[in-house]
Amino acid sequence: AKRLNRKAELQLGRVREALAQGRPRDAWAEALQLLAGRIREPGVLNLAGIAAYQAGDAEQARELLGEAARRAPGDAEIHMNFGNVLAGCGDAEAALQAYASAHALAPGYPEPAFNAGVLLHKIKRYGDAAEWFRAALERDLDHRAAAIGRGEALHKVGDLAGAEAELQALI
């Protein structure tokens with residue numbers, strides 16, 4: 001990856017700081033300055049996309065994170081962030097593809113599978129949700145939210161014994 005110049009590094013730091021402090025509009029304003037300098041590094045695009053989304057510009061976020069994912073096909077975090085924005089934009093199938101990519105790229109990372117499970121539960125695809133929650137639990141046995149999600153999804157598909165077993169394991 002190409003190294004950013006000092007000014008761009010400082011701007012990127014201000015984007016991170018503003019996001020961490022819950023100031024997405026400030027983060028987005030800083031990110032826009034970075035982008036105006038024609039900086040297209042995947043990490044910059046990723047943070048800019050997050051800032052845009054949190055500031056309420058979902059379509060710009062979708063474009064930026066899509067470009068970041070294309071430029072960094074091996075970066076699980078970028079693919080997961082892209083999935084989050086796609087889900088937020090209502091494009092469930094594209095979001096699931098992004099989550100699946102992130103899941104495949106990061107064997108020890110449960111969040112892409114968990115996020116896929118949450119999305120599938122939301123769109124009432126409970127059987128699929130249960131499987132994605134299971135995949136999250138395979139990567140982190142202590143992921144309580146995934147265990148609860150799996151139990152709820154199993155209950156929705158009528159697997160009461162499976163739901164009870166999943167939820168009993170939490171006690």
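1. Ground rules. The model is predicted, with local features needing pLDDT of at least 70, side-chain atom pairs counting only at pLDDT 80 or more, and totals for chains, interfaces and linings using all residues. Residues are numbered from 1 along each chain as its sequence is written, and side-chain values use heavy atoms, with hydrogens and water left out.

2. Overall layout. The protein chain has 10 helices and zero strands, where helices (H or I, at least four residues) and strands (E, at least two) are DSSP runs numbered from the N terminus. Along the sequence the pattern reads α-α-α-α-α-α-α-α-α-α. Taken along the principal axes, the C-alpha atoms fill a box of roughly 60 × 30 × 25 Å.

3. Of the 171 residues in the protein chain, 46% are buried. Here buried means under 20% relative accessible area, exposed means over 50%, and partly exposed is in between (1.4 Å probe, protein chains only). As for contacts (heavy atoms within 4.5 Å), take those between residues at least 6 apart in sequence: 45% of them join residues at least 24 apart.

4. α1 against α2. Two packed helices are described by the angle between their axes and the distance between the axes. Helix α1 (residues 6–20) packs on helix α2 (residues 24–36) at an angle of about 160°, and the axes are 7 Å apart. The axes are lines fitted to C-alpha atoms, for helices over the stretch in contact, and angles run from 0 to 180 degrees between N-to-C directions. α1 is therefore roughly antiparallel to α2; the cut-offs are under 35 degrees for roughly parallel, over 145 for roughly antiparallel, 65 to 115 for roughly perpendicular, and oblique for the rest. The crossing of α1 and α2 is left-handed, a term used if the near helix is turned anticlockwise from the far one by less than a right angle (right-handed if clockwise).

5. Who meets whom there. From α1 come Ala8, Gln11, Leu12, Arg14, Val15, Ala18 and Leu19, and these meet Pro24, Asp26, Ala27, Glu30, Ala31, Gln33 and Leu34 in α2. By class, the residues of this contact are nine nonpolar, two polar and three charged. For the classes, Ala, Val, Leu, Ile, Met, Phe, Trp, Tyr, Cys and Pro count as nonpolar, Asp, Glu, Lys and Arg as charged, and the others, Gly among them, as polar.

6. α5 against α7. The axes of this pair come within 10 Å and cross at roughly 10°, so α5 and α7 are roughly parallel to each other. Met80, Asn84 and Ala87 in α5 meet Glu111, Pro112, Asn115 and Leu119 in α7. The contact of α5 with α7 has four nonpolar, two polar and one charged residues.

7. The whole structure has 11 salt bridges, each a side-chain nitrogen of Lys or Arg within 4 Å of a carboxyl oxygen of Asp or Glu. One of them joins Asp91 and Arg62 (2.6 Å, N to O). Asp91 sits in the loop between α5 (76–88) and α6 (92–105), and Arg62 in helix α4 (residues 58–71), so the pair ties together parts 29 residues apart in sequence. Both are partly exposed, Asp91 at 24% relative accessibility and Arg62 at 25%.

8. Glu138 and Arg134 meet at 2.2 Å, N to O. The two are four residues apart in helix α8 (residues 126–139), so about one helical turn separates them. Glu138 is exposed at 56% relative accessibility, while Arg134 is partly exposed at 30%. Salt bridges that share partners join Glu131, Arg134, Glu138, Arg150 and Glu166 into one network.

9. Arg125. The side chain of Arg125 forms a salt bridge with that of Asp128 (3.0 Å, N to O). Arg125 is partly exposed at 31%, as is Asp128 at 36%. Ala161, in helix α10 (residues 160–168), is 36 residues from Arg125 in sequence and 19 Å away, C-alpha to C-alpha. Ala161 is exposed, with a relative accessible area of 60%.

10. Two backbone spots to look at. Most residues other than glycine have a negative phi. Arg38 has a positive phi near 60°; it lies in the loop between α2 and α3 (42–54) and is exposed at 72%. Lys124, not a glycine either, has a positive phi of about 65°. Lys124 lies in the loop between α7 (111–122) and α8 and is exposed at 59%.
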